[in-house]
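Here is a briefing on one protein chain. Look over the sequence and the model first, then read the points below.

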Amino acid sequence: MLRRDVKTTGHTVTGETATVDAVLSLPDVNSILEGLFTLYFEMTTDLETDPEAFEQAVAEAFKEMLKEAENTEMNVTFNMVMEDGKWKLTEMPDLDKF
């Protein structure tokens, strides 16, 4: 299961629009990808000779890397609008920086 956390840090409501400031916390994907690429190159022969074993080893390594990865945080602002009595996101924040 993916570790994630969202902490709201403030909000502003102006009529039918609102913004919610938050801090998102997720595992550092860059360190996980680096580890997976390293594993891939170390196991290239296994991929060619036993693809199922390779796939299983990568899946297990991914789970372990996900557990061990440090979290990274990002400040985001969610823009919302009131529609039919419910708050709805107008767009997703740019999460490419994660």
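The accessible surface of the chain comes to about 7,500 Å². Carbon and sulfur atoms account for 53% of that surface. The model is predicted.

**Fold and overall shape**
- The chain has 3 helices and 4 strands.
- Their order along the sequence is β-β-α-α-α-β-β.
- The chain is more spread out than a compact globule, because its radius of gyration is 20 Å, well over the 13 Å that the globule rule gives for 98 residues.
- The C-alpha trace spans about 65 × 25 × 20 Å along its principal axes.

**Burial and contacts**
- Of the 98 residues, 21% count as buried.
- Take the contacts between residues at least 6 apart in sequence: 57% of them join residues at least 24 apart.

**Charge**
- The chain carries 8 positive and 21 negative side chains.
- The centres of these two sets lie 10 Å apart.

**Ser25, in strand E2**
- Ser25 sits in strand E2, which covers residues 17–27.
- Is Ser25 buried or exposed? Its relative accessible area is 8%, under the 20% cut-off, so Ser25 counts as buried.
- The side chain of Ser25 makes a polar contact of 3.0 Å with the side chain of Asn71.

**Asp28, between E2 and H1**
- Asp28 is in the loop that links E2 to helix H1 (29–42).
- Its relative accessibility is 24%, so Asp28 counts as partly exposed.
- Which residues does Asp28 touch, leaving aside those up to four places away in sequence? They are Ala69, Glu70, Asn71 and Thr72.
- Leu66 is 38 residues from Asp28 along the chain, yet their C-alpha atoms are separated by 8.5 Å.
- The Asp28 side chain also reaches the backbone nitrogen of Asn30, at 3.2 Å.

**Asp84, between E3 and E4**
- Asp84 lies in the loop between strand E3 (71–83) and strand E4 (86–91).
- Asp84 has a positive phi of about 55°, although it is not a glycine.
- Is Asp84 buried or exposed? Its relative accessible area is 78%, over the 50% cut-off, so Asp84 counts as exposed.

Conventions. Residues are numbered from 1 along each chain as its sequence is written. This is a predicted model: local features need pLDDT of at least 70, side-chain atom pairs count only at pLDDT 80 or more; totals for chains, interfaces and linings use all residues. Side-chain values use heavy atoms; hydrogens and water are left out. Helices (H or I, at least four residues) and strands (E, at least two) are DSSP runs, numbered from the N terminus. Buried means under 20% relative accessible area, exposed over 50%, partly exposed in between (1.4 Å probe, protein chains only). A polar contact is a pair of N or O atoms within 3.5 Å; within protein, one must be able to donate a hydrogen and the other to accept it, and residues adjacent in sequence count only if both atoms are side-chain atoms. The radius of gyration is taken over C-alpha atoms; the globule rule is 2.2 Å times the number of residues to the power 0.38. Contact means heavy atoms within 4.5 Å. Accessible areas come from the Shrake-Rupley method with a 1.4 Å probe; for residues, only the protein chains shown count as cover. Lys and Arg count as positive and Asp and Glu as negative; His and the chain ends are not counted. The place of a charge is taken as NZ of Lys, CZ of Arg, CG of Asp or CD of Glu.
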